[in-house]
Amino acid sequence: MILLQAENIQKAYGVEVILQDISLQIQTGERVGLVGVNGAGKSTLLKILAGELSYDSGAIRIPKDVTIGYLAQDSGLESEQTIWNEMLSVFSHLQQEEQELRKLEAKMGEADVLANEKLFQQITEDYSRRMEAFKEKGGYSYEASIRGVLHGLRFADLDYQTPIHVLSGGQKTRLALAKLLLQEPTLLLLDEPTNYLDIETLTWLENYLQNYPGAILVVSHDRYFLDRLVTVVYEIERTRATRYPGNYSHFLDLKAEKLEQELKRFDKQQEEIAKLEDFIARNLARASTTKRAQSRRKTLEKMERLEKPIAQQKSANFSFDIVKMSGNVVLKVNQLSVGYAGKPLSRNLLFELEREERVALVGPNGIGKSTLLKTIVGELAPLSGSFQLGSNVSIGYYDQEHRNLHENKTVLTEIWDDYPNMLERDVRTLLGNFLFSGDDVQKRIHELSGGERARVSLAKLMLKQANFLIFDEPTNHLDIYSKEVLENALVDYPGTILFVSHDRYFLNRIASRVLELSPEGVTSYLGNYDYYVDKKQELAELAAEQASQVKKAGTAAVQPDKSSYELDKEAKRRERQRLRRIEEIEAAIQQREQAIQQWEEELCLPEIYSDHLQAKERNDAIEQAKAEIDALYIEWSELSEA
């Protein structure tokens, strides 16, 4: 069944066309992703479909029994009620029905009704019918549903009697999403629902939406989220929409194939046009061939010319470089506690960062990830413990709130004031690479969108040429294409990276190690985000198994022999651990061998071998790495033979 059909939707603001000939349809159970660069008109289209914005022409058809729920970007829930009462209001019809059932129960106990057999039977049948309908509508489970959604969206630690008006903006946004999910409209329209959600909450939302009974149309820049959820992708490009079946990764493959085919058709037509024009030019003036030339001209005039396909949307273009290499150890953190006003968010932090590592900080919101970054860059003082930067370390810091930008400066002067020795044309060229062209460079910072502010901050960071980059949510406000450019720049970056991000696609591509923060310390996982998730699950299974064994041991004087199923399960778990460890060792050996090769190349440089301290530092590092490789090979051999 088609739940929503839009045909030839057009929308313009003055002479600027935002959407043109947009057609799409959503069927029962579909999960549809809407993608496109910032400013393509995605949010505008969602508002039009939700009935919150008019359109200039076209048609939208929605069956009468279809209900639509819409969540705008950063739309917070405003109410004077408590959290619980506001969520309860979604089920007011069930509460009213429950009251009617209580009235019928009371009536069935009245003496005059009991004395009238016919009346009693009528009331009983009515009660039975309404009770069954009440049950089917979720009358006995709606409170559990409320608690489940509130828990999933991280309200479990909050008193449900808290008035909504005292909540933060982020909490109000999550509460608006919670209420919408509880309403269960036939079609959900979600505009960036993953904004400001931590990874744990994102995972819960994905699982919830995968099992959602209705259809979903979602705008998101979270590629991991789109890959796990959607079954259809519509791309808005050059004011038009194109439909692609499959998730986001499949969309990329199909789009590349489509582009290749369009380029072939365009090139073939261009060859045909060139031949016709050449024939006309050579034969039009000749009496014997004039008619044929005129015929070719008519063919040329009637030809519907293809537009040249755009191989790639215009996107930012930049790279990060460094002025000088840092020492082997970039950062040492020793029993560090971070927080505010003497209240630690995370304590007993103990870890090291080596040169060229890409380390991601993960953990729930409020655990102190951003606070740790601010402590390392000197914006906050440690509550206790210490940290030490290595030799020749220069820091470049990207703040998600962009507080290093000056609201009243123009984009041009924001860069130029920090780098006054640059020529104006070089500053403009740089800003052009970050998609600021023409009069855009005269915009003031306070006039910029979130994505534009992000690009200005990245431009300043690029110019710093620091060898230790620290990022706090670098992909916030960036469209998908800008994220990919940033990832490519960081993959080729020769320095060290420490970053916080909720973008799991970004985490997977950039991180070589994951540090998980907790209130009482930090745990290191050698690998990307997927490895971290798998390892966490494996450890959870092991802990559950050990707890089960302890429980069994406490309830029986003699522990019975394990069943063959349990023995098989334990053997498989040990085998998984063995193979995982072998992969870890091989990766560690490769990493150290690459480091040794680089250090040996550096020892051949005059500025290194002529500097006694630098040469000694590299020789010591090489010897230590070789010793570590020997130990790793011994462990690898033992595990391989097991």
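**Notes on the predicted model: helix pairs and salt bridges**

1. Let's start with a salt bridge: Lys-264 pairs with Glu-260, and their closest N and O atoms sit 3.8 Å apart. Both residues belong to helix H10, which covers residues 248–283. They are four residues apart, about one turn of the helix. Keep in mind throughout that this is a predicted model.

2. Another one on the list is Glu-97 with Arg-130, where the closest N and O atoms are 3.1 Å apart. Here Glu-97 is in helix H3 and Arg-130 in helix H5, so the bridge ties together parts that lie 33 residues apart in sequence.

3. On to those two helices. H3 runs over residues 92–108 and H5 over residues 117–136. Their axes come within 10 Å and cross at roughly 155 degrees. An angle over 145 degrees counts as roughly antiparallel, so that is the label H3 gets relative to H5. The crossing of H3 past H5 is left-handed.

4. Who makes the H3–H5 contact? From H3 you have Leu-94, Glu-97, Glu-98, Glu-100, Leu-101, Arg-102, Leu-104, Glu-105, Lys-107 and Met-108. H5 brings Phe-120, Ile-123, Thr-124, Asp-126, Tyr-127, Arg-130, Met-131 and Phe-134. Sorted by class, the residues of this contact come out as nine nonpolar, one polar and eight charged. Both partners of the Glu-97 to Arg-130 salt bridge are on that contact list.

5. Back to H10, this time with a neighbour. Helix H11 spans residues 290–302, and its axis and that of H10 come within 9 Å, crossing at roughly 150 degrees. This crossing, H10 past H11, is left-handed. On the H10 side the contact uses Ile-273, Leu-276, Glu-277, Phe-279, Ile-280 and Asn-283. On the H11 side it uses Thr-290, Arg-292, Ala-293, Arg-296, Arg-297, Thr-299 and Leu-300.

6. The next pair is H6 (residues 142–152) with H8 (residues 199–210). The two axes come within 9 Å and cross at roughly 140 degrees. That angle makes H6 oblique to H8. In the contact, Gly-148, Val-149 and Gly-152 of H6 meet Thr-201, Trp-204 and Tyr-208 of H8. By class, there are three nonpolar and three polar residues, with no charged ones.

7. Now for the annotations. UniProt, in an unreviewed entry, lists a "coiled-coil region" at residues 87–114, 249–279 and 582–642. In the model, residues 249–279 are 100% helix and 0% strand, with end C-alpha atoms 46 Å apart. Residues 87–114 are 82% helix and 0% strand, and there the end C-alpha atoms are 39 Å apart.

8. The unreviewed UniProt entry gives "domain: ABC transporter" for residues 4–263 and 331–544. How much helix and strand does the chain have over residues 4–263? The model gives 45% helix and 22% strand, and puts the end C-alpha atoms 33 Å apart. For residues 331–544, the figures are 35% helix and 28% strand, with 35 Å between the end C-alpha atoms.

Terms used:
Residues numbered from 1 in each chain as written. Predicted model: local features only at pLDDT ≥ 70, side-chain atom pairs only at ≥ 80, totals over all residues. Heavy atoms only, no water. UniProt positions renumbered as here; feature names shortened; annotations may be inferred. Axes fitted to C-alpha atoms, helices over the stretch in contact; angles between N-to-C directions. Parallel < 35°, antiparallel > 145°, perpendicular 65-115°, else oblique. Left-handed = near helix turned anticlockwise from the far one by under 90°. Contact = heavy atoms within 4.5 Å. Nonpolar A, V, L, I, M, F, W, Y, C, P; charged D, E, K, R; others polar. Salt bridge = Lys/Arg side-chain N within 4 Å of Asp/Glu carboxyl O.
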